Amino acid sequence: MNPLLHIHNLHKTFHMHHFAGKQIVGCSGIHLELDHGQFIGITGKSGAGKSTILKCIYRTYIPTQGHIWYDSDSFGIIDLAQATDRQMIEIRQKDIGYVSQFLKILPRVTALDTVVEVLVEAGVSVNEARAEAKSILKHFQLSESLWDAYPNTFSGGEKLRLNLARAMVKRPKFLLLDEPTASLDNASKASVRDMILDLKRQGTSMIGIFHDLDFMETVVDQEFNMKNGLLHGGVKA
Ligand SMILES: Nc1ncnc2c1ncn2[C@@H]1O[C@H](COP(=O)(O)OP(=O)(O)OP(=O)(O)O)[C@@H](O)[C@H]1O
Ligand SMILES: [Mg+2]
């Protein structure tokens, strides 16, 4: 069986046009294979290039070089480094959930609607979407008084829990998690672990970035460490 994801020789370099030809390396020479149903954890120091890899997969960044072969529902095996924007929109809607390190707040959309929207885009009826959205917000213990508020004033942990609910509610085939437990208390971390394990049981494959190694080791199948923009290891957790 083909792997779900096969990253081959991925490079991302940023060209800083304001600084006469200056270049910053995001990541270089990355190789990674993720099997269906597997969860890989990535660790490494700040600035090593961890988020850059996830952003290349989700195509927030266009890779400078290399291939990201992905076994998609809509198009079969497709190179995400070369996919068109339209293909990426469909793959994001149908296949991939992404919890970014810093939540992008949609202006004037309530917390509840932020989650409902994802399901409606995926073809779920509005009534069903509202029920499922409420249930996952409850799971992540987001206070009901916040459901009809705008998230721009939420605390860091509230924003993160909302972001997790948004990415996980559609039970994606493939989930990218960029520090999903940063700034959470132990009760919230436990609800994140429960949801991760639940999704895993249902077949979701995941790549997660973690600073909290103790937490990571309770959920991943394999660990990689990043140094100088390269991935090392592949240790079974
Ligand atoms: N849009 C960008 N433009 C220019 N440089 C960038 C951009 N995004 C990332 N970089 C640079 O690429 C390098 C890797 O950044 P990245 O965000 O991937 O690190 P990280 O490993 O996720 O770090 P952290 O643990 O702090 O989140 C850094 O030197 C960063 O400054
Ligand atoms: Mg990062």
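User: What makes β1 and β4 a pair of strands?

Analyst: Strand β1 (residues 5-16) and strand β4 (residues 65-72) run antiparallel over 5 bridges. Two strands pair if DSSP finds at least two bridges between them, so 5 bridges make β1 and β4 a pair. For a spot to look at, find H11, which stands opposite Q65 in β4. By the way, this is a predicted model, where local features need pLDDT of at least 70, side-chain atom pairs count only at pLDDT 80 or more, and totals for chains, interfaces and linings use all residues. Residues are numbered from 1 along each chain as its sequence is written, while chains are lettered from A and ligands numbered from 1 in the order in which they are written.

User: How do you know that β4 also pairs with β5?

Analyst: Same test: β4 and strand β5 (residues 76-79) share 4 bridges in the antiparallel sense. W69 has D79 in β5 as its bridge partner, and a hairpin of 3 residues joins β4 to β5.

User: What counts as a helix or a strand here?

Analyst: They're DSSP runs, numbered from the N terminus: helices are H or I with at least four residues, strands are E with at least two. The protein has 7 helices and 10 strands.

User: Why are α5 and α6 called roughly parallel?

Analyst: The axes of α5 (residues 156-168) and α6 (residues 186-201) cross at roughly 10 degrees and come within 12 Å. Axes are lines fitted to C-alpha atoms, for helices over the stretch in contact, with angles from 0 to 180 degrees between N-to-C directions. Angles under 35 degrees count as roughly parallel, over 145 as roughly antiparallel, 65 to 115 as roughly perpendicular and the rest as oblique. So α5 and α6 are roughly parallel.

User: Which residues meet between α5 and α6?

Analyst: G157, R161, L164 and M168 in α5 meet S188, V192, M195 and L199 in α6, where contact means C-beta atoms, placed from the backbone, within 7 Å.

User: Why does R59 count as partly exposed?

Analyst: R59 has 19 C-beta neighbours inside 10 Å. Buried takes 20 or more other C-beta atoms within 10 Å, exposed takes 12 or fewer, and partly exposed is in between, so R59 is partly exposed. R59 sits in the loop between α1 (50-58) and β4, with a positive phi near 65 degrees although not a glycine.

Note on methods. Two residues are in contact if their C-beta atoms, placed from the backbone, lie within 7 Å.
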